2 protein chains.
Amino acid sequence: MRKIPKPTIRRLAIYYRCLERLEQQGEENISSKLLAQMVHIKDSQVRKDLSYFGSFGRRGIGYNIQKLLSEIRKILGIHKSWRVVIIGAGNIGQAIARFKHMEKHNFQVIGVFDTDKRKIGKQITNNLVVSDINSLESFIVHNQAEIAVIATPAEAAQSVAERLEKAGIRGIICFAPITLDCNIPVEYVDITVFFKTLVHSVVSQTHNV
Amino acid sequence: MRKIPKPTIRRLAIYYRCLERLEQQGEENISSKLLAQMVHIKDSQVRKDLSYFGSFGRRGIGYNIQKLLSEIRKILGIHKSWRVVIIGAGNIGQAIARFKHMEKHNFQVIGVFDTDKRKIGKQITNNLVVSDINSLESFIVHNQAEIAVIATPAEAAQSVAERLEKAGIRGIICFAPITLDCNIPVEYVDITVFFKTLVHSVVSQTHNV
DNA sequence: TAGATTGTTAATCGATTAACAATC
DNA sequence: TAGATTGTTAATCGATTAACAATC
């Protein structure tokens, strides 16, 4: 199989959310041209991205929305539900735990952990209570959690990552501002990095105009 | 000025957080080799990134941490403080409003807005109360807010973006799962997209091993 | 001086885009 | 048939990496 560009995967997830919207609006088909317009890219990019995985469209007509949704689900691996644990019950950890879109997108938060005695026992949602991090490994094994969210301070993140990997977690979303050493896939979401890159655009835009 | 690759800007923000840590640990200098190791990239990448903006190192010695921090601050535009408003007081909006790292990194959240009467008036932090979105424009103008966070549902995001732009906001962080039509810089942070790309890595890793 | 490390150039690698034959 | 649109190839563009002279 040809190597798939990483940006292609990200865009598939973005096409997916457009297609969901179009489906809701009762549309049947969509052309690469229109889909491209919705996300501000070139239509050839859309076709190229999809072509890595197969031929999903019909010439002269476009792509059937239902079908494309189902194909992208399979490509991304979101046709099944994933069990998620969250480490760190601070602002970010709690927000993710309560985040409605998670469940809707087949990510099931099944556990939230913290070291802080004052947070342990706290009710986060109807069926989520903050657990002691001591029980992390046994919980992961018993409940077959697959994905973990690291929402701890940076100092704790590396050792948490190692525990997660050992316990059998298969992928990590890391909100902690640190690069992890580990052998499973990690997606980094450092919120402040987005603010900093944004501000750079703002500043340099002014210079150039 | 040569065109700066967008990934370079993101990496500068990441070098920055490493340098902060190194500074705290009392280090004086750092080589591109060591810095590269910390973030899992090549040392030539580090040097290249910095070289777009000047010559900040000393051959045989490396980069002075204090100096490099100060240079990156200037490059990114984070040497000054930025005033931020948040639109949408749901899980994400509230988490950002309470997020300690914001203040620490010179992003000052000065207002939180929502349409929901039940949320308006709610105390978010010691000095933040949810305001009615009706007062958005006047607030932005009076308080000279520069950056906005859109943490509304997708359906509301576009019209909010237009109001923000008109009111003089200069950059947007968009958590809503939608691509905005607007003429100011936008950084997109769709949390579920990160989960989806992660899951794709998890799934395809299994296939290839 | 010898070893370390930068800054920069040129080579390589990877991603995007244009163009167009195929076909609905 | 004529118009629309895909799927794919080749060309272009952009980003990363290796290599090395300069120099601390």
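Which element gives the largest share of the surface near DNA strand D? I looked this up in a predicted model. The element is α3(B), with four residues.

**Entry: around the strand**

I listed the protein residues around DNA strand D and found 27. The closest are Ser32(A), Gly57(A) and Tyr63(A), along with Arg58(B) and Arg59(B).

**Entry: polar contacts**

I started with the phosphates. Ser32(A) has a polar side-chain atom 2.5 Å from a phosphate oxygen of DNA strand D. Next I looked at the bases. A base nitrogen of DNA strand D is 3.3 Å from a polar side-chain atom of Arg47(B).

I also asked which elements give two or more residues to the surface near the strand. In chain A they are α3 (43-51), β2 (57-58) and β3 (62-64). In chain B they are α1 (6-24) and α3 (43-51).

**Entry: two helices of chain B**

How do α1(B) and α3(B) lie relative to each other? Their axes come within 10 Å and cross at roughly 105°. Angles of 65 to 115 degrees count as roughly perpendicular, so the two helices, α1(B) and α3(B), are roughly perpendicular to each other. From α1(B), I noted Thr8(B), Arg11(B), Leu12(B) and Tyr15(B) in the contact. From α3(B) come Gln45(B), Val46(B), Asp49(B) and Leu50(B). The residues of this contact are four nonpolar, two polar and two charged.

Methods
Residues are numbered from 1 along each chain as its sequence is written. Chains are lettered from A and ligands numbered from 1 in the order in which they are written. This is a predicted model: local features need pLDDT of at least 70, side-chain atom pairs count only at pLDDT 80 or more; totals for chains, interfaces and linings use all residues. Side-chain values use heavy atoms; hydrogens and water are left out. A residue is near a molecule or strand if one of its heavy atoms lies within 4 Å of it. A polar contact is a pair of N or O atoms within 3.5 Å; within protein, one must be able to donate a hydrogen and the other to accept it, and residues adjacent in sequence count only if both atoms are side-chain atoms. Axes are lines fitted to C-alpha atoms, for helices over the stretch in contact, and angles run from 0 to 180 degrees between N-to-C directions. Angles under 35 degrees count as roughly parallel, over 145 as roughly antiparallel, 65 to 115 as roughly perpendicular and the rest as oblique. Contact means heavy atoms within 4.5 Å. Ala, Val, Leu, Ile, Met, Phe, Trp, Tyr, Cys and Pro count as nonpolar, Asp, Glu, Lys and Arg as charged, and the others, Gly among them, as polar.
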